[in-house]
Structure formats: structure tokens, C-alpha cells
Amino acid sequence: MVARHTGEDVVVDGGRGELVLFWAGFPLLGAGLGAGLTALSGWIAGLPWFPFQGLFELLDRWPDERAYPIGAGLGLLGGLALAVVAVRDRLTVTVGHHTVRLHRDGHGRDVAHADVAGVFVDGEALVLLDTAGGELAREKSDLDTERLREAFTRQGWPWTGQDPHRDAYRRWVEGLPDLPPGADALLRARQRALDGGHDAETRELHGELARLGVVVRDEGKRQYWRLVPGPPPR
């Protein structure tokens, strides 16, 4: 992980090494895997449960000088597709004195320093809390926690180290009486999206729950929730 300075801003991302891994390592690994599977194509073609049986039967019938380039090429293309997904999911955090920019998949979001009461890493997520106890942002991230801490504290942001509201979370089960109207239905829909691995829908429903004053965090496929406590007392 890399933290670098751009003017007065501090940028935290995976660095050039991560990009080299994505764009070179993944295709090379894919090509090697494709060549390895080609070498085993005769055996794989005899496994009725293995996918793409027709392809492996063709590779087994073709001569080596034709089968290996095609198998390795298909693996390389698979590695490139995986690299595209990995780069799109890559988070870049640019921390300034007045704003932080969270950039992923060609889209950036700015959060003002004045709106943030706490910053911390929760499992695999970077979280920014507002002054009422709600979440301004929860971004999935594999960035180094210490690098993030250094970047935020250097720029004077309130790094809390952990969730100050962690003890307020409860495990979600259907039909809880303390949820706002409509929240239980959204949590059911989000559970289905979470179980199915539909990340975009999971994030969208997370935002819908936030509008109802419900903060959600996940542990594996389990949802935990709390209510936003409201503005701090004057």
C-alpha cells in the first residue's frame, strides 16, 4: 500500500505494484492455468460434472500446436477480465485539509471535513461518521489501516481507530419491533442481495436504510444494525 503527497493532499492507494499485479500478473497466471488445463483436457473431458465439456473435448482432439495456444489464450483473456474487475473495485483515498475524496470505478465522492465526526476502519471497510452518529461513507477497502490513519491524522481529521457505536449494534432477524417503518422490508431485500453476492444492490439498500436512520454493518452474511442516535446534545 502506498501513501503519497500531491501538493497538500495525501493519496492512499495500492500503488503501482498493485497495478502491475493486476495487468501483468493476472493475465500471466490465467495463461499458465489455461495451458495447464489444456494438458489435462483429456482427463477433464471425462468428468461429467466439470463445466465447458465441449471445449475440453475439442482441445483434447486438436494437436498440441493448436490446442495449447488456444487454451493459454483463453486463460489470458480470463486473467485480463479479472484484472478489469479488480481495477474497477480499487479504492483511492485522497485526504486534504478540508475534504476527502473517495474514488472507485471512475467515480469520485467528496466528503467535507466539517461534516465528519469520526474516521475508522471496520473490518474491510473505511467508515466516515457524521456528527449525528450516522454514516457518511462506508467503502470496502483493502488499504493498509496504518497508512490510512497516518493520512487522516496528518491532515487533522478525527481518527477514532474503532467504531464508537459498536456496542449499539444488534443482530437483525425478521420482525424486530424497534425498527422504523419500512426498514424490515429493506433489510430482508438486502439480506437476499448479500446472500446472492449482488454488491451494487447491497450498497444501494444500505443507502436506503441510512435515509431511515438505520446504520448497517455486515459480518460475513450476517447483518447488524443500529439506529442513528441523533444530533449531539447542546
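This is a predicted model: local features need pLDDT of at least 70, side-chain atom pairs count only at pLDDT 80 or more; totals for chains, interfaces and linings use all residues.
Two residues are in contact when their heavy atoms lie within 4.5 Å. Set aside the neighbours within four places in sequence. Phe 152 then touches Val 93, Val 95, Val 100, Val 119, Leu 126, Trp 157 and Trp 159.

Phe 152 belongs to the largest nonpolar core, which has 20 residues. Phe 152 is among the residues with the most contacts inside this core, and so are Val 93, Val 100, Val 119, Leu 126, Leu 128 and Leu 148. Several elements give two or more residues to the core. The strands among them are β2 (9-13), β3 (92-95), β4 (99-104), β6 (116-122) and β7 (125-130). Helix α5 (145-154) does likewise. Nonpolar side chains tend to be buried together in soluble globular proteins.

Now follow β7 onward. Strand β8 covers residues 135-140 and runs antiparallel to β7, joined by five bridges. Across this pairing, Leu 129 stands opposite Glu 135 of β8. Four residues lie between the two strands of the hairpin, and Gly 133 takes a positive phi near 100° there.

Next comes an open sheet of three strands. Their order is β9-β11-β10, and the pairing is antiparallel. β9 (170-171) and β10 (214-219) stand at the edges with a single partner strand each, so one side of each has no neighbour in the sheet. Six bridges link β10 to β11, which spans residues 222-227. In one of these pairings, Asp 218 has Gln 223 of β11 as its bridge partner.

Beyond its neighbours within four places in sequence, Pro 180 is in contact with Leu 212, Val 214 and Leu 227.

Finally, turn to the surface. Trp 23, Ile 70, Leu 74, Leu 76, Leu 77, Leu 80 and Val 84 form a nonpolar patch there. Together they have about 570 Å² of accessible area. Helix α4, residues 64-88, gives the most to the patch, with six residues. Val 84 has its place in this helix. Is Val 84 buried, exposed or partly exposed? Its relative accessible area is 38%. Buried means under 20% and exposed over 50%, so Val 84 counts as partly exposed.

Technical notes. Residues are numbered from 1 along each chain as its sequence is written. Side-chain values use heavy atoms; hydrogens and water are left out. Two strands pair if DSSP finds at least two bridges between them. A nonpolar core is a set of buried Ala, Val, Leu, Ile, Met, Phe, Trp, Tyr and Cys residues joined through side-chain atoms within 4.5 Å. Buried means under 20% relative accessible area, exposed over 50%, partly exposed in between (1.4 Å probe, protein chains only). Patches are made of residues with over 30% relative accessible area and no salt bridge: like charges are joined within 9 Å, nonpolar side chains (Val, Leu, Ile, Met, Phe, Trp, Tyr) within 5 Å. Accessible areas come from the Shrake-Rupley method with a 1.4 Å probe; for residues, only the protein chains shown count as cover. A salt bridge is a side-chain nitrogen of Lys or Arg within 4 Å of a carboxyl oxygen of Asp or Glu.
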